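Please take the sequence and the model together, and follow the chain slowly as you read.

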Amino acid sequence: MSLIENIIRPEIRSLSAYHVPDSAGFVKLDAMENPYTLSEDLKQQLAQRLSEVAMNRYPVPSYTALKQAICGKLGVPAGYEVVLGNGSDELIAMISVACAKPGAKVLAPLPGFVMYAMSARFAGLEFVGVPLAADLSLDKEAMLAAIAEHRPAIVYLAYPNNPTGNLFDKGAMLEIIAAVGDTGMVVVDEAYQPFAQDSFMPLLPQFDNLLVMRTVSKLGLAGIRLGYMSGSAALMAEFEKVRPPYNINVLTQAAAEFVLQHVDVLDAQAAQLREQRGKLATALAALPKVKVFPSAANFLLIRVENAEQVFAKLLEHKILVKNVGKMHSLLENCLRVTVSTPEENAALLDALAASL
Ligand SMILES: *Cc1c(COP(=O)(O)O)cnc(C)c1O
């Protein structure tokens, strides 16, 4: 046996590393980033703040001021605490580690966010994927049957879902939360909440097994890596134990505290993107043989006749989107495109019209 076979777990050896394509020189519409930045004035103020940060000191791991800003500005119900993560990716990893009892399972609809399955495997949990219905809605009966069969410790429901962009039926989700009961918890992933304008956060007091997870990434701060989650105090106390104590660095902490004081700027950007989403959807649907799926996120899922070919032609036009056509049979010939500025959306439309 080789060194690698001796020491690395087979389920890790069989994976490939998360691939991020080089986007230099491209109009980047593949990763749901917010195209807008802060004003020059706010950038100056932020630079001043960051220059005063004590980078020689460890962060204070209670993160009291940052947590207060998040709870106060982002709709966390009164009396609820948040646990912070280095992006929600780290929160997902923390949840997996804390719940990785022998034989424990993670369940989520497919196609869905890939990190749920990846993180489950990293932690030695079994992942159960339940296909969505043909129209990409939640297959409630299949979900309830799979929950009864597998009794998962963790169920992930992204609201809205990535890569499909739709909001699942809220009533069906509530039935799932009830069916999971006290043998598991339901994590509602609201990464796209600023674009959905609907949330399970206000429902936290009704369900002990509900956890709501969010990130500032899609809101315009993907680079600083900050996610947060909230749920019952008892659950949060357990997840705090597996959180690396200094996981939010002092620059992220200072930047987030500053930007949250100006959250109206990010809200206005989200409103612009929601407006652009409607315009882009209409324009895309007017192209020949393009189907646009409904979206409550800052991206659109579209179906074309030959996604492979269209994706390659868009690359020639220096437009980078995500080809999700091979991800799941329900997504055959589908591309996922980020909603961006009017200029970048127009560039996408022109290139797409020339690529079909
Ligand atoms: C982008 C995304 C995340 C990841 O967020 P980070 O905070 O940047 O790690 C989580 N969940 C879903 C559904 C996403 O699309």
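A hairpin of six residues leads from β9 to β10, where strands (E, at least two residues) and helices (H or I, at least four) are DSSP runs numbered from the N terminus. The model is a predicted one, in which local features need pLDDT of at least 70 and side-chain atom pairs count only at pLDDT 80 or more, while totals for chains, interfaces and linings use all residues. Residues are numbered from 1 along each chain as its sequence is written, and side-chain values use heavy atoms, with hydrogens and water left out.

The strands β9 and β10 run antiparallel and are joined by two bridges; two strands are said to pair if DSSP finds at least two bridges between them. Across this pairing, Lys291 stands opposite Arg303 in β10. On the β13 side, Arg303 has Cys334 as its bridge partner, and Leu300 faces Val337 in β13. Strand β10 (residues 299-303) and strand β13 (residues 334-338) are connected by five bridges and run antiparallel.

These strands belong to an open sheet of four, in the order β9-β10-β13-β12, with antiparallel pairing. Because β9 (291-292) and β12 (322-323) stand at the edges with a single partner strand each, one side of each is left without a neighbour in the sheet. Four of the five residues of β10 are buried, so this strand is largely enclosed by the rest of the structure; buried means under 20% relative accessible area, exposed means over 50%, and partly exposed lies in between, with a 1.4 Å probe and protein chains only.

Elsewhere, some details of the backbone deserve a careful look. Which kind of peptide bond joins Leu110 and Pro111? The bond is cis, with omega about 0°, and Pro111 is placed in the loop between β3 (105-110) and α6 (114-122). A cis peptide bond also leads from Asn162 to Pro163, where omega is near 15°, and Pro163 is found in the loop between β5 (154-158) and α8 (170-180).

Positive phi values in residues other than glycine also occur in loops. Met32, with phi near 55°, sits in the loop between β1 (27-28) and α3 (40-51), and is buried, having a relative accessible area of 4%. Arg151, with phi near 40°, lies in the loop between α7 (140-150) and β5, but is partly exposed, with a relative accessible area of 37%.

Now consider the whole chain. Its secondary structure comes to 15 helices and 13 strands. The radius of gyration, taken over C-alpha atoms, is compared with a globule rule of 2.2 Å times the number of residues to the power 0.38; it is 21 Å, close to the 21 Å given by the rule for 356 residues, so the chain is as compact as a globular protein of that length. Along the principal axes, the C-alpha atoms fill a box of roughly 55 × 55 × 50 Å.

Of the 356 residues, 51% count as buried. Among contacts (heavy atoms within 4.5 Å) between residues at least 6 apart in sequence, 71% join residues at least 24 apart. The accessible surface, computed by the Shrake-Rupley method with a 1.4 Å probe, comes to about 16200 Å², of which 56% belongs to carbon and sulfur atoms.
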